[in-house]
Amino acid sequence: MSNSSTGTKQNQRSTQHIVLLPGDGIGPEVINSARQVLQACAQKYNVTLTFTEAAIGGAAYDRCGHPLPQATVDQCCAADAVLMGAVGGPAWDKLERQLRPESALLGIRQAMGVYCNLRPAILYPQLGAASPLRSDVAAKGMDLLICRELTGGIYFGDRGRETIKLPDGQTVESAWDTERYNTLEIERIARWAFKSAQARRRHLTLVDKANVLESSRLWRETVTNLASDYPEVQVDFLYVDNAAMQLLRRPYDFDVILTSNMFGDILSDEAAEISGSIGLLPSASLGKADRPGLYEPIHGSAPDIAGQGKANPLATILSAAMLLRYSLNLPQAAAAVETACQAVLSAGYRSEDLQVVGSSQPVMKVGTQGMTDAVLSYLK
Ligand code: NAD
């Protein structure tokens, strides 16, 4: 299912314009890798790709005093697709909230209207030894897709702080954040999840906290009402605390997980760890069919390894594959990149984040460019 296949944009232009947002920390390093892979695909599949870099995050703050300059927003909204690295780092941690690099993430997602965040998480058999799961569980693999709502909920809700007086006369500081969803927001992401399930193993799990939260009860009602439009999809429900456990006990049982912004944020990091490393998981954020998608690895800027050439570029390269599939309507190129990444792992290439304890095969330790070169050689 491609984003463009549901709309009018069918790769009509021979030149596709991609905005790159390197950001901070390892962001520029992994974006550089993904760009090389996209350029190789352009040659192989006879498309013209043009690239522009725009500033975001701490790098943008340092350059122009704001983590999300209007020029960046304008460039992203006018592109065919946007590929982002990561933002954030200790240098900017003490800035006020709206100037912190992370606020640019929420800002760009909202400005581009990308409400549907697709996060595939696969435990490749060749990485069983890198997963923290017991070997008999890891042996059964994992291949799931998290459909996370991205522009609503508690990350965007009303928030504030105030000093209040308790009944006993004490004065204390209080703070609140608000989880609020409407049926339209739930329906549009739920339809993505149902359609994704139709194209996969036809099983959808809604993860919520409906035993406590009113907003979760609205999610359940809305998804239950929609289910009759997709009779071939089996639907079940899990509370988020139970889902976190079941992901560890039986990750192989999940197909599509539909969930809210915050629960999706947390569960996808758990799924990443199960897969062997957060350096492996890509994401696509999509909105209306005729609008550009935003693609990014799910990891952060990893300040602890930035500038050392150690970052695993596969999550960003796989995000570029999603970009080829969903925004440029080049499913063959996307599949070729995904196959090349798998081949590299099968051949034993390992960046530092992929633990090699107990691996039965010969291992080649590589850095960011070594891993990129390996992917490029399999692509050719
Ligand atoms: P992180 O994902 O940056 O790093 C967590 C751990 O995973 C670190 O040990 C890091 O070295 C490792 N890691 C992450 N990506 C890797 C890769 N590609 N290859 C090898 N190892 C990798 O999370 P964090 O440490 O909690 O956050 C660091 C900064 O990133 C913070 O400022 C945070 O706010 C920001 N952040 C940004 C995003 C984003 O841009 N989308 C997401 C999460 C965190």
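Author: The protein splits into domain 1 (1-124 + 276-380) and domain 2 (132-275), with bounds from an automatic or database domain assignment. This is a predicted model, where local features need pLDDT of at least 70, side-chain atom pairs count only at pLDDT 80 or more, and totals for chains, interfaces and linings use all residues. Residues are numbered from 1 along each chain as its sequence is written, and side-chain values use heavy atoms, leaving out hydrogens and water.

Reader: How much area do domain 1 and domain 2 bury between them?

Author: Buried area is the accessible area (1.4 Å probe) that two parts lose on being put together, summed over both. Here 24 residues of domain 1 touch 29 residues of domain 2, where contact means heavy atoms within 4.5 Å. Of the buried area, 64% is on carbon and sulfur atoms, and the total is about 2500 Å².

Reader: How many salt bridges does the rule find across the interface of domain 1 and domain 2?

Author: A salt bridge needs a side-chain nitrogen of Lys or Arg within 4 Å of a carboxyl oxygen of Asp or Glu. For this interface, the rule's count is 0.

Reader: Which element gives the largest share of the side of domain 1 that touches domain 2?

Author: Helices (H or I, at least four residues) and strands (E, at least two) are DSSP runs, numbered from the N terminus. The elements giving two or more residues to that side are helix 4 (101-112), strand 4 (116-123) and strand 11 (284-286). The largest share is 8 residues, and it comes from strand 4.

Reader: Which side chain meets Arg161 in a salt bridge?

Author: Arg161 is in strand 6, which runs antiparallel to strand 7 and is joined to it by 7 bridges; strands pair if DSSP finds at least two bridges between them. The partner of Arg161 is in strand 7, 12 residues apart from it in the chain. At 3.6 Å, N to O, the side chain that meets Arg161 is that of Glu173.
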